[in-house]
Amino acid sequence: MANSKKRTEFVCTSCHNVTAKWEGQCRGCSAWNTIIEQNDSGRYGWLNNESSAAVHLAEASTEELPRLALSSSEVNRVLGGGIVPGSLVLLAGDPGIGKSTLLLQIAAEVARSHSCVFYVTGEESVSQVKMRADRLAIEGQDLYILTQTNVEEVLARLDEQLPALAVIDSIQTMYDPSLSSQAGNVSQIRECARRLLEWGKANDVPIILTGHVTKGGDIAGPRLLEHMVDAALYMEGDPVSSWRLLRAVKNRFGSTNEVGVLEMTGTGLRDVADPSESFLLDRPAGAMGSIVVPVLEGNRALLVEIQALTAPSTIPTPRRIATGYDSHRLLLVCSVAMRTCGIPLADYDVIVNVTGGLKITEPAADLGVALAIASSFRSVPMPDDVAAVGEVGLSGEIRRAPQTDRRVKEAVRLGFRKCLVPGNTDDRADGTEALHYQRVDTLAQAINMCLPITRRISDAVA
Ligand code: TYD
Ligand code: MG
């Protein structure tokens with residue numbers, strides 16, 4: 001299998017120009033640092049299909065591939081129903097987010113329910129893995145730990161045992177000795193992934209790779225592998241909170257709109273049965289500056305709490321700080337609230353926080369953020385049974401949010417009576433959602449409706 005006499009060439013990742021030696025600037029397209037080393041074995045394609053004949057589409061089988069189903073319905077949901085034999089799956093995420101924990105749990109489960117599983121680690125020693133396994137109460141029958149970073153050695157061991165599943169933790173630590181570059185280098189990552197892919201497809205063994213996302217850059221990381229793997233999953237979450245989102249950004253065997261919600265506990269990752277309910281568990285009743293917003297994560301509507309605090313600033317340029325929400329949108333919302341609703345935030349710091357460590361990327365949360373800010377500023381709590389969804393436009397208008405009915409349904413399910421929605425939201429044909437719609441056309445209208453100044457608590461006390 002080892003073939004150290006393979007011809008090596010250098011290819012530009014931008015224009016595919018090929019050279020015999022590495023150069024800093026590509027002669028083909030003049031781009032800098034785009035040239036990577038590549039063995040001739042891996043130039044095009046990674047399926048072993050040299051001899052396969054064309055199949056008539058009408059005669060092609062639509063047979064469902066048998067999958068290794070897992071007990072975690074959240075992980076199954078993201079994978080599209082389980083692990084497909086021979087598939088290559090990438091699990092990417094920040095260091096420390098819980099990738100190794102999840103994969104050790106999956107590996108142990110497959111080892112228990114099928115046959116032997118190989119867990120290859122290039123990052124930790126066997127005793128470190130054992131300590132984690134003890135914490136997860138994994139006995140480890142039929143689970144083999146291999147501490148190895150040489151991909152040829154890994155493939156040789158896999159060849160000997162043909163496991164039901166192989167885990168490679170992480171792809172950045174693997175190296176192919178026939179390449180001169182170091183482990184973690186772009187060409188090493190690609191070549192190692194390609195060889196594992198070829199082996200997995202040839203032997204029908206699924207392989208899960210982990211990959212670290214580098215802060216900002218992610219150049220030598222998982223992005224590079226996305227086009228190669230069958231499924232790319234990202235694990236996200238704030239390390240200080242226990243919630244973890246598992247998101248499919250690519251899936252050849254399922255939907256990419258699926259999101260799984262897991263919780264990191266003292267004994268590993270667990271499914272969260274009702275995420276919306278869990279996210280709202282700690283929400284104090286009648287708190288000022290707090291509102292519930294139904295956000296969309298893939299196909300799923302989830303209720304999250306947004307909190308805001310306004311406080312007189314002690315510095316000449318007041319701060320706008322957002323955690324879990326886009327800071328540019330926070331600036332926009334503050335400016336619109338000042339200009340169109342007469343809320344004088346110019347001398348106030350504004351702090352916005354999405355609880356539970358979730359990150360909201362959609363503008364549909366704008367209305368909720370604006371109401372939370374106004375609630376804090378006016379010292380008036382939002383009515384407890386009202387949620388809000390809508391994008392705030394620059395002239396203070398509330399714009400339509402995608403899939404409003406699905407969001408409202410989730411809010412109603414958890415006991416919210418009304419949900420503020422953009423004025424031009426379509427009614428549902430059956431009329432049920434419309435019962436719970438409270439239409440608002442402008443931000444000023446929404447604020448005056450929910451947070452009237454006369455209800456100010458300080459006034460009531462005085
Ligand atoms: P880990 O799986 O090592 O992260 P990654 O492989 O993505 O780098 O997870 C590390 C964190 O998870 C670490 O901070 C400890 C925590 N943890 C728990 O909270 N509970 C557990 O049962 C385990 C095993 C880890
Ligand atoms: Mg790890």
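Helices (H or I, at least four residues) and strands (E, at least two) are DSSP runs, numbered from the N terminus. With that settled, here are my notes on the model.

1. Ground rules. This is a predicted model, in which local features need pLDDT of at least 70 and side-chain atom pairs count only at pLDDT 80 or more, while totals for chains, interfaces and linings use all residues. Residues are numbered from 1 along each chain as its sequence is written, chains are lettered from A and ligands numbered from 1 in the order in which they are written, and side-chain values use heavy atoms, with hydrogens and water left out.

2. The overall picture. The protein has 11 helices and 21 strands. Of the 462 residues, 50% count as buried; buried means under 20% relative accessible area, exposed over 50%, and partly exposed in between (1.4 Å probe, protein chains only). Taking the contacts (heavy atoms within 4.5 Å) with a separation of 6 or more, 68% come from residues 24 or more positions apart.

3. You will find an open sheet of nine strands with mixed pairing, in the order 6-5-7-8-4-9-10-11-12. Two strands count as paired if DSSP finds at least two bridges between them. Strand 6 (143-147) and strand 12 (268-271) form the edges, each pairing on one side only. On average, neighbouring strands of this sheet are turned by 25° against each other, direction ignored.

4. Strand 8 and its partners. Strand 8 (residues 207-212) is worth a look, since six of its six residues are buried, so it is largely enclosed by the rest of the structure. Ile207, Leu209 and Gly211 are buried on one side, and Ile208, Thr210 and His212 are buried on the other. Strand 4 (residues 88-93) runs parallel to strand 8, and six bridges join them; here Ala92 stands opposite Gly211. Strand 7 (residues 165-169) also pairs with strand 8 in the parallel sense, over three bridges, with Val167 as the bridge partner of Ile208.

5. Strand 10 (residues 243-251) and strand 11 (residues 259-265) are antiparallel and share five bridges. Within this pair, Arg244 has Leu262 of strand 11 as its bridge partner. Helix 5 (residues 186-203) packs on the sheet and touches strand 4, strand 7 and strand 8; its direction makes about 165° with that of strand 8. Axes here are lines fitted to C-alpha atoms, for helices over the stretch in contact, and angles run from 0 to 180 degrees between N-to-C directions.

6. Helix 8 against helix 10. Helix 8 (residues 366-378) and helix 10 (residues 443-450) pack at about 50°, with their axes 10 Å apart. The two are therefore oblique to each other; angles under 35 degrees count as roughly parallel, over 145 as roughly antiparallel, 65 to 115 as roughly perpendicular and the rest as oblique. Leu367, Ala370, Leu371, Ala374 and Arg378 of helix 8 make the contact with Leu443, Ala446, Ile447 and Asn448 of helix 10. These residues divide into seven nonpolar, one polar and one charged. In that count, Ala, Val, Leu, Ile, Met, Phe, Trp, Tyr, Cys and Pro are nonpolar, Asp, Glu, Lys and Arg are charged, and the others, Gly among them, are polar.

7. Helix 2 against helix 3. Helix 2 (residues 99-113) packs with helix 3 (residues 126-135) at an angle of about 70°, and the axes are 11 Å apart. That makes helix 2 roughly perpendicular to helix 3. Ser100, Thr101 and Leu104 in helix 2 meet Val129, Arg132 and Ala133 in helix 3, a contact of three nonpolar, two polar and one charged residues.

8. Backbone spots to check by eye. Most residues other than glycine have a negative phi, and most peptide bonds are trans. A cis peptide bond joins Asp169 and Ser170, with omega about 5°, and Ser170 sits in the loop between strand 7 and helix 5. Leu162 has a positive phi of about 40°; Leu162 is in the loop between helix 4 (151-161) and strand 7 and is partly exposed, with a relative accessible area of 44%. Ser379 also has a positive phi, near 55°. The place of Ser379 is the loop between helix 8 and strand 17 (386-388), and Ser379 is partly exposed at 24% relative accessibility.
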